[in-house]
Amino acid sequence: MSSFPADKLIIDAIFLLSLVTMGVGALIAILSSRLIRSVCGLAICCIGLAGLYYFLHSPFLAMMEILIYVGAVCVTIVFAIMLAETDEPAREESRGTTILWGGTALAAAVAIFGGLTWLSTQSPWPSPTNLLNDGSIEAIGRALLTTYSLAFELISLALLVAVLGALAIARTGRTKP
Amino acid sequence: MNNPALHDRLDLYLVAGAFLLAVGIFGLIRRRTLIGMLISGELIFSAASLNLMAFNRFTVQDPTVGQIFVLFIMGLAAAEVAIALSIIIAVYRNYRSVNSRGLSELNG
């Protein structure tokens with residue numbers, strides 16, 4: 001049935017590589033003490049996520065993920081880090097408080113992860129009987145210009161307002177040379 | 001086929017999304033700078049997008065809905081980052097710091 005030897009193994013390996021890239025990137029993003037490294041972790045996480053989108057039959061979203069997150073969001077955050085200070089400040093509170101807050105955060109994270117994992121593995125998810133279209137870029141474009149045209153226009157308006165607001169906020173307080 | 005391949009299992013994607021959400025919330029509590037909290041928020045956005053795409057692939061009849069929804073999420077996340085970073089720059093001009101503990105002027 002397959003023309004290439006061990007292709008199932010290779011596909012599984014690429015899938016696991018995407019998963020591990022995403023997980024490691026997310027861990028780097030929250031655990032490193034320098035902010036520039038955590039931005040790089042976010043970029044690595046988004047590259048892994050793009051691989052997962054590809055496996056979810058959506059190469060369009062994989063491309064958009066890399067274009068928007070790695071290309072725009074991470075670069076913008078890097079600009080902000082260059083303009084502001086770069087490092088996490090030294091902890092000024094006592095050691096007991098730090099351990100207490102860390103324990104609380106870890107407990108919350110573990111509880112959320114465990115609960116959601118249990119729910120998602122136990123529930124019987126339904127599978128669709130027949131697909132309406134193939135989910136290709138052509139189908140996405142047709143849906144964007146017919147069913148979702150109002151939302152499409154509104155999001156362009158939201159982006160315009162966001163850019164104007166960002167300019168207006170960052171402009172105040174700037175001293176003339 | 002009784003035992004599907006790894007990339008055809010819904011629960012793996014859902015567990016990955018839960019992991020991203022948990023990591024994002026952990027970072028949101030732990031980080032003490034505004035930019036670090038913003039990065040954790042981006043991770044939570046990514047978790048939501050991954051969940052939507054997984055359900056779109058496995059349980060929905062029309063496979064374009066989830067893709068368009070995730071596209072809108074990405075657009076709104078980009079807008080949110082632009083606004084949040086300009087606020088961070090303004091805060092840094094006023095306080096010379098982006099440490100979230102120091103921003104207590106409105107504290108009652």
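## First stop: two helices in chain A

On the α2(A) side of the contact you'll find A:Leu35, A:Ile36, A:Val39, A:Leu42, A:Ala43, A:Cys46, A:Ile47, A:Leu49, A:Ala50, A:Tyr53 and A:Tyr54, and they meet A:Pro59, A:Leu61, A:Ala62, A:Glu65, A:Ile66, A:Tyr69, A:Val70, A:Cys74, A:Ile77, A:Val78 and A:Ile81 in α3(A). Color them by class and you get 21 nonpolar residues, no polar ones and 1 charged. Keep in mind that you're looking at a predicted model.

Now look along the two helices. Their axes come within 8 Å and cross at roughly 175°. Angles over 145 degrees count as roughly antiparallel, so that is what α2(A) is to α3(A).

## Zoom out to the whole of chain A

Select residues 7–88 of chain A for domain 1, then 134–177 for domain 2. Their C-alpha centres lie 22 Å apart.

## Over to chain B

Chain B has 3 helices and 0 strands, so its elements simply read α-α-α from the N terminus on. Its C-alpha atoms fill a box of roughly 60 × 25 × 25 Å along the principal axes. The radius of gyration of chain B is 18 Å, while a compact globule of 108 residues would have one near 13 Å. Buried residues account for 49% of the 108 in this chain.

## Where the chains meet

Bring chain A back and select the contacts between the chains: 77 residues of chain A touch 67 residues of chain B. On the chain A side, α1, α2, α3, α4, α5 and α6 each supply at least two residues. Which helix gives the largest share of that side? Select α4(A), which brings 13 residues. By class, the chain A side has 56 nonpolar, 17 polar and 4 charged residues.

## Last stop: a helix pair across the chains

Key
Residues numbered from 1 in each chain as written. Chains lettered and ligands numbered in written order. Predicted model: local features only at pLDDT ≥ 70, side-chain atom pairs only at ≥ 80, totals over all residues. Domains from an automatic or database assignment. Contact = placed C-beta atoms within 7 Å. Helix = DSSP H or I, 4+ residues; strand = E, 2+ residues; numbered from the N terminus. Nonpolar A, V, L, I, M, F, W, Y, C, P; charged D, E, K, R; others polar. Axes fitted to C-alpha atoms, helices over the stretch in contact; angles between N-to-C directions. Parallel < 35°, antiparallel > 145°, perpendicular 65-115°, else oblique. Rg over C-alpha atoms; globule rule 2.2 N^0.38 Å. Buried ≥ 20, exposed ≤ 12 C-beta atoms within 10 Å, placed from the backbone.
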